[in-house]
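Hello,

Here is the structure we talked about. Please look it over first; my notes follow below.

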Amino acid sequence: MKNLMYRHGDLLLESIDIIPEGAIQRKSNVILNGTATGHSHILNGGLVLEKEGTIYLQASDTATVTHEEHNTITLPEGNYVVTRQVEYDPYEKAAREVLD
Amino acid sequence: MAKLEKLLPEQEALMIQVREEWLDFVFKSKLPLDKQKAIEDVKWLYSLAGLAAPLIIILDSPRGCQIGANFLKGQVRDQVGGQVGDQVRGQVRDQVWDQVWDQVRDQVWDQVWDQVWDQVGDQVRGQVRDQVWDQVGDQVLDQVRDQVGGQVWGQVWDQVRDQVWDQVWDQVGGQVRDQELEYFYPAEENVLTDNGWVAFYDYFSGIGIVKHDGFTKYMSHIKNGIFYTIFLKGAAILCGRPEYIKRDESNRLHCEDGPAILWMDGYAQYFWHGVSVTQKIVETPEQLTREDLVREENAEVRRAMMEKLDSDFIKLLDVIEVDRGIVGIGDSRKEAVLWRTREIDSIANEYLQFVGVTCHSTGREYALCIPSDIKDVWSAVAWTFGKSKDEYRPLVEA
């Protein structure tokens with residue numbers, strides 16, 4: 001089945017079959033904190049896990065993702081991998097994560 | 001005794017009045033700090049935690065407090081604190097040592113400076129906040145408590161702690177670390193952090209529910225106007241209210257042409273609709289360069305630059321439009337635009353390309369730099385998430 005995508009600001013949440021073995025549950029359900037605004041993307045209902053710098057979500061059947069400024073989105077139950085938005089740094093010739 | 005089940009009309013009116021009084025107190029009051037009272041109150045807070053009365057140093061800004069704490073710990077030597085302006089360092093050093101001398105004189109000075117914010121905080125919560133919570137719980141039905149909580153605690157908290165304290169905290173912390181100084185975790189016992197719950201119980205004191213000497217004393221400490229606190233074993237460093245705090249219509253820290261917060265020692269904090277920005281963006285945007293825009297890694301800060309520069313933004317980038325179109329599916333469709341510089345950038349040695357996008361939730365516009373070989377807006381947006389044009393199909397965008 002084609003992966004389902006949900007975008008929440010500078011995050012893309014993409015459904016996956018399984019979360020890689022060895023992913024560790026984070027202490028809080030904050031997916032990402034903003035540095036200039038202090039705002040956060042938060043998973044309500046489910047677990048936020050991490051392995052080797054990649055963030056995974058295990059969404060329960062009533063999961064939502066909230067943020068102080070973005071509209072709340074509802075996630076169907078399942079597993080997701082989180083991709084952070086990047087932009088191109090022409091001086092370093094490399095992609096860098098978009099911060100907010 | 002029967003619990004309070006419903007607020008009377010005059011009690012509801014008082015709820016709004018208390019909330020507005022607290023917000024006015026934080027944002028509009030000009031009352032100066034009563035320094036003697038501040039000293040006595042902080043000694044009382046330390047006594048709650050079983051700690052000896054500390055030296056109390058009163059400075060004029062959060063930055064001053066952090067530098068002052070570094071002086072007290074002996075961290076600031078000329079070579080270490082070199083990045084802190086000489087004038088600032090000199091002012092703070094003189095203020096700190098004058099006050100230390102006044103209080104210590106010939107006594108032995110125990111220079112042990114562990115941070116004790118948690119010890120003091122635990123006791124304030126245990127001996128004051130939790131007890132008044134129980135008093136309210138015993139006498140008021142949950143729905144009344146929730147009603148007042150939403151109207152008073154929640155709204156004061158939102159406007160003060162969420163919109164001001166978090167940003168002040170972050171900006172001061174970042175600047176202190178940039179200066180290679182030790183960062184001291186601020187204590188909570190001040191106006192900017194302990195506003196919500198104190199306002200909440202202030203209301204219940206007003207309608208005769210809360211009667212607690214400790215709370216009354218704590219509230220008088222908060223209402224003295226201490227805005228920033230660092231509690232160390234042996235020394236407390238604090239400051240009073242800033243000269244002003246400016247906000248936008250959404251209560252976010254904001255000033256179009258100057259500091260959003262100006263502290264009494266001249267320490268200025270700049271914010272653009274709640275986003276922490278530099279003095280240059282706010283006060284001298286004409287000095288911004290294309291390199292400043294491209295090198296800025298924070299999308300919100302760059303958006304602030306865009307909004308501040310307005311039509312000059314495109315002029316500064318010196319770009320032409322190469323594509324414009326709709327990106328997304330269903331309700332998530334949004335127009336985006338692709339710009340490319342007229343000339344090859346002399347530093348990057350290539351054309352620079354930017355995709356201009358609009359946030360689905362806030363309607364704000366952002367510009368993200370993308371590789372120069374991308375030809376259309378859909379591919380550009382997809383690239384920012386590591387996807388091809390064919391792959392990028394979000395069902396929902398918010």
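**Chain B against chain A**

In this predicted model, 44 residues of chain B are in contact with 34 residues of chain A (contact: heavy atoms within 4.5 Å). About 3300 Å² is buried between the two chains, and carbon and sulfur atoms give 56% of that (buried area: accessible area, 1.4 Å probe, that two parts lose on being put together, summed over both). B:Glu297, B:Phe385 and B:Ala398 lose the most area in chain B, together 19% of what that side buries.

There are six salt bridges between the chains (a side-chain nitrogen of Lys or Arg within 4 Å of a carboxyl oxygen of Asp or Glu). One pairs A:Glu14 with B:Lys387, at 2.8 Å, N to O.

**Helix α7 of chain B**

This helix covers residues 195-206 (helices are DSSP runs of H or I, at least four residues, numbered from the N terminus). Ten of the twelve are buried, so α7(B) is largely enclosed by the rest of the structure (buried: under 20% relative accessible area, 1.4 Å probe, protein chains only). Among them are B:Trp197, B:Phe200 and B:Tyr203. Their cover includes α1, α5, α6 and α8 of chain B. Just after the helix, B:Gly208 has a positive phi of about 80 degrees.

**Conventions**

Residues are numbered from 1 along each chain as its sequence is written, and chains are lettered from A in the order in which they are written. Local features need pLDDT of at least 70, side-chain atom pairs 80 or more, while totals for chains, interfaces and linings use all residues; side-chain values use heavy atoms, without hydrogens or water.

Best wishes

Terms used
Helix = DSSP H or I, 4+ residues; strand = E, 2+ residues; numbered from the N terminus. Expected span 1.5 Å × (residues − 1). Buried < 20%, exposed > 50% of the residue type's maximum accessible area, 1.4 Å probe, protein only.
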